[in-house]
Every structure is written in C-alpha cells, then in structure tokens.
Amino acid sequence: MFREKPCVCVFLFTCVLQLSHTWSVNNFLMTGPKAYLIYSSSVAAGAQSGIEECKYQFAWDRWNCPERALQLSSHGGLRSANRETAFVHAISSAGVMYTLTRNCSLGDFDNCGCDDSRNGQLGGQGWLWGGCSDNVGFGEAISKQFVDALETGQDARAAMNLHNNEAGRKAVKGTMKRTCKCHGVSGSCTTQTCWLQLPEFREVGAHLKEKYHAALKVDLLQGAGNSAAGRGAIADTFRSISTRELVHLEDSPDYCLENKTLGLLGTEGRECLRRGRALGRWERRSCRRLCGDCGLAVEERRAETVSSCNCKFHWCCAVRCEQCRRRITKYFCSRAERPRGGAAHKAGRKP
Ligand SMILES: *[C@@H]1O[C@H](CO)[C@@H](O)[C@H](O)[C@H]1NC(C)=O
Ligand SMILES: *[C@@H]1O[C@H](CO)[C@@H](O)[C@H](O)[C@H]1NC(C)=O
C-alpha cells in the first residue's frame, strides 16, 4: 500500500522503502543490509503510527498535521523549522522506536528479547528488578540508525531535526511504566519484582504535545554559516539544551489563512466543537481558536441522522428495530457575512 505513493521522499515510510532500492551501506553500517530488511516493515509501521498520532493530537488545532508537513528528509526543497516541524520529527522518531521495541517484546526478531540486564538487582525500597522489561535500548539503537540517517545536512536545520528525533526517543523512554508483581505468603507482598513496560502510544503523543507547547526557540538561522566555526557554534548551542525538550528555529505562521505555496489550507471550512460529552478544555475552545481568532464566523449546521434503535428479538428468529431520528448540530468556520473592522484576521497569535 505504501508503494502506490509517488516515489518522492515525502513520508518517512516511503523514504524507507525508497532507500531499500537505492541501498547505501554507509547509512546503516552497524546493522548491515540484511538487518535493514528485517526491520524495515516495523520502521514503516512505526512512522505511520507517529503520523496518525500527530493527526489525533492536533485534530482541534489550527495546524492539524497536514500531509504536506510530513516531509522529513532534506530532499524536498522547502523545509520549515518551526515548532510543528519539531513535533513531526519527534513523534515520527518516537513511533519508530516504539514499534521496534514492542515488536521485539512480541518476539518478532531473532536477535532481541526482553531486557533482563538488571534482573535480580535491587531497584528501590522493597523491590527487585525481574520479569520481562521492554527492550527500549534495542528500539532506540535501531530507530536511531533509520531515522537519523534521513538527515544528511550539517546546518542548523539538520541539528534541530536530529535534536527533535532524540527528544522523541527520550519521550518513549520517559513515559515507560513500572509494573510490579507481589511475592510473599498469600500475596502479602513482602517483596516485589518489577519491570518496565511501554505505555500506550497515545501517552507518548500527549507527552510530546506538552513538549510542543513548551518548545524552545534558538536563534541560529542568521550568521551561523556552513563554516567550521559556524558548525561549532551550532553544535555548542544544541549541546546546551536538554534532549528532552523540543527545539525550533523559526516562528510559525498563524495558520489562519490558506497559503498554497506553503501547503497550508487555512481554517475556513474546518469543523470545530462546542458542546458535547466529555469535551476537554482544549476541544471546548476549538471554535474560538479555529474560527473566531481567525476572523471567521461559526456556522451552525443541523442535520438529522437516522439509525436503528430499540431493537427487539422476536421468537424465532428475527430482530426488529425502530428507526430513530436524532438531531445533531455541527459547527464550522465560515467567512463572516460582514467582515469586522475590515481586517481579515488577527495576526500574530500563537497557533
Ligand atoms: C511489527 O509491528 C507492526 C505494527 O504493529 C507490524 O506491521 C509489523 O509487521 C510487525 N513485525 C515485523 C516483523 O515487522
Ligand atoms: C505564502 O507564504 C509565502 C512565504 O511566507 C509568502 O511569501 C506569500 O506571500 C504567502 N502567500 C499568500 C497568498 O499569503
């Protein structure tokens, strides 16, 4: 299914498939071409799950992880270096590491299994390492070789991308959960053995979304050229920033308006949420964020849905249902009839 995509390195997973044809040994010296083939389907699946998580995390944001944003390699001319770029790199790299680690635990690879390197050692008050910890060390090493190899530049953008790839891997490690089992007479739990487990990938996504909001901007685009001194300055700057944090070089547009050159769709026509069960604070404010703050009106559209309901089983053997009509209201951003104050939108807001 990935093969049908045009042969451009747009998504990480097409990159991976493409690279498997134009194989370059230098990129994967440590694993070698054979290992490369063993892992490539996990890498592709991991990159895909990263993209799906990106779309989930940004479903109610002005920037909603459009396909155009998912260009990860340096092949594609125009590369942005804003906080959204940072998130895309981190979540893709986290997805790849996560999938490789989980597949390892599932026994998909001959050369890898549980991480039991600490088993038997004291872990903390009243517990010992034991059982089968997910082997993140393995996932980290392999994913690093695949994902970081896509970055071939040596400039500030390349350094930023590598930093954010690393932040994605740190996010997987940092969200792992300790799970324990009690031992002792009839479950008295006098001692416990514990191991580390991957969380749901959703949790990694939520963690990185917080890091996205707190992303640090570094000023490196001007000045630091491609000279040795410039590269030294870039390396020094990035070394001083924790690899748990996302980093960007440029400010983001506000994502209100369409810009075809940049592949931005704008928010006109987007759906937003108003009321509803279990809406979080972020979702409840989506109409203001997507429409109001962009100078657009919120348009209510009512619709009726018809579905089967009150189904009863009749002896024997038929199920009869009623047709229930339910009114639903949806909200969309639309161009206001009367532009307020003539301004198309309020500029300068954070996305
Ligand atoms: C690893 O996991 C992914 C998705 O969870 C799956 O598509 C893939 O086939 C798995 N196994 C291997 C050996 O790649
Ligand atoms: C789209 O963005 C580019 C680059 O920032 C800018 O030069 C151009 O004017 C924008 N186009 C529109 C229609 O806003």
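This is a predicted model: local features need pLDDT of at least 70, side-chain atom pairs count only at pLDDT 80 or more; totals for chains, interfaces and linings use all residues.

Colleague: Which residues surround ligand 1?

Modeller: The shell consists of Ser41, Ser42, Ala45, Thr99, Arg102, Asn103 and Asp108. By class, that is one nonpolar, four polar and two charged residues.

Colleague: Which N or O atom in a side chain is 2.9 Å from a nitrogen atom of ligand 1?

Modeller: One in aspartate 108.

Colleague: And what sits by the oxygen atoms of the ligand?

Modeller: Two side chains to mention. Asparagine 103 places a polar side-chain atom 2.7 Å from an oxygen atom of ligand 1. For serine 42, an N or O atom of the side chain is 3.0 Å from an oxygen atom of ligand 1.

Colleague: How much of the ligand does the protein bury?

Modeller: The protein buries 58% of the 360 Å² that ligand 1 exposes when taken alone.

Colleague: Which elements give two or more residues to that shell?

Modeller: Helix H2 (32–57) and helix H3 (83–105).

Colleague: Let me pick one shell residue. Where is threonine 99, and is it buried or exposed?

Modeller: Threonine 99 is in helix H3. Its relative accessible area is 5%, so it counts as buried.

Colleague: What lies 2.9 Å from a polar atom of the side chain of threonine 99?

Modeller: The backbone oxygen of glycine 95.

Colleague: Change of topic. In what order do the strands of the open sheet run?

Modeller: The order is E7-E9-E8, three strands with antiparallel pairing. The edges are strand E7 (271–272) and strand E8 (296–314), each pairing on one side only.

Colleague: Remind me, what do strands of a sheet pair through?

Modeller: Backbone hydrogen bonds, in either a parallel or an antiparallel arrangement.

Colleague: How many bridges join E7 and E9?

Modeller: Two bridges, in the antiparallel sense, between E7 and strand E9 (residues 318–335).

Colleague: Which residue in E9 stands opposite glutamate 271?

Modeller: Phenylalanine 332.

Colleague: What about glycine 269, where does that one lie?

Modeller: Glycine 269 is in the loop between E6 and E7. It is partly exposed, because its relative accessibility is 43%.

Colleague: How far apart are glycine 269 and leucine 296?

Modeller: 27 residues in sequence, and 9.6 Å in space from C-alpha to C-alpha.

Colleague: On to the cysteines. How many disulfides does the structure hold?

Modeller: The count is 11 disulfides. I'd pick out a few of them.

Colleague: Fine. Which cysteine does cysteine 311 join?

Modeller: Cysteine 321, with an S to S distance of 2.1 Å. The link is right-handed, at 110° about the S-S bond. Cysteine 311 is in strand E8 and cysteine 321 in strand E9, 10 residues apart.

Colleague: Are those two buried or partly exposed?

Modeller: Cysteine 311 is partly exposed, at 45% relative accessibility. Cysteine 321 is also partly exposed, at 36%.

Colleague: What about cysteine 256 and cysteine 294, what handedness does that disulfide have?

Modeller: It is left-handed, because the torsion about the S-S bond is about -70°. The pair links distant parts of the chain, 38 residues apart. Cysteine 256 is in the loop between strand E6 (247–248) and E7. Cysteine 294 is in the loop between helix H9 (286–290) and E8. The sulfur atoms of cysteine 256 and cysteine 294 are 2.0 Å apart.

Colleague: And why do you call those cysteines buried?

Modeller: The cut-off is under 20% relative accessible area. Cysteine 256 has 5%, and cysteine 294 has 4%.

Colleague: Last pair, then. What about cysteine 182 and cysteine 189, how far apart are the sulfur atoms?

Modeller: 1.9 Å. The torsion about the S-S bond of cysteine 182 and cysteine 189 is about -60°, so this disulfide is left-handed.

Colleague: Where do cysteine 182 and cysteine 189 stand on accessibility?

Modeller: Cysteine 182 is partly exposed, with a relative accessible area of 40%. Cysteine 189 is partly exposed as well, at 26%.

Definitions and conventions. Residues are numbered from 1 along each chain as its sequence is written. Chains are lettered from A and ligands numbered from 1 in the order in which they are written. Side-chain values use heavy atoms; hydrogens and water are left out. A residue is near a molecule or strand if one of its heavy atoms lies within 4 Å of it. A polar contact is a pair of N or O atoms within 3.5 Å; within protein, one must be able to donate a hydrogen and the other to accept it, and residues adjacent in sequence count only if both atoms are side-chain atoms. Accessible areas come from the Shrake-Rupley method with a 1.4 Å probe; for residues, only the protein chains shown count as cover. Helices (H or I, at least four residues) and strands (E, at least two) are DSSP runs, numbered from the N terminus. Ala, Val, Leu, Ile, Met, Phe, Trp, Tyr, Cys and Pro count as nonpolar, Asp, Glu, Lys and Arg as charged, and the others, Gly among them, as polar. Two strands pair if DSSP finds at least two bridges between them. A disulfide is a pair of cysteine sulfur atoms within 2.5 Å. Buried means under 20% relative accessible area, exposed over 50%, partly exposed in between (1.4 Å probe, protein chains only).
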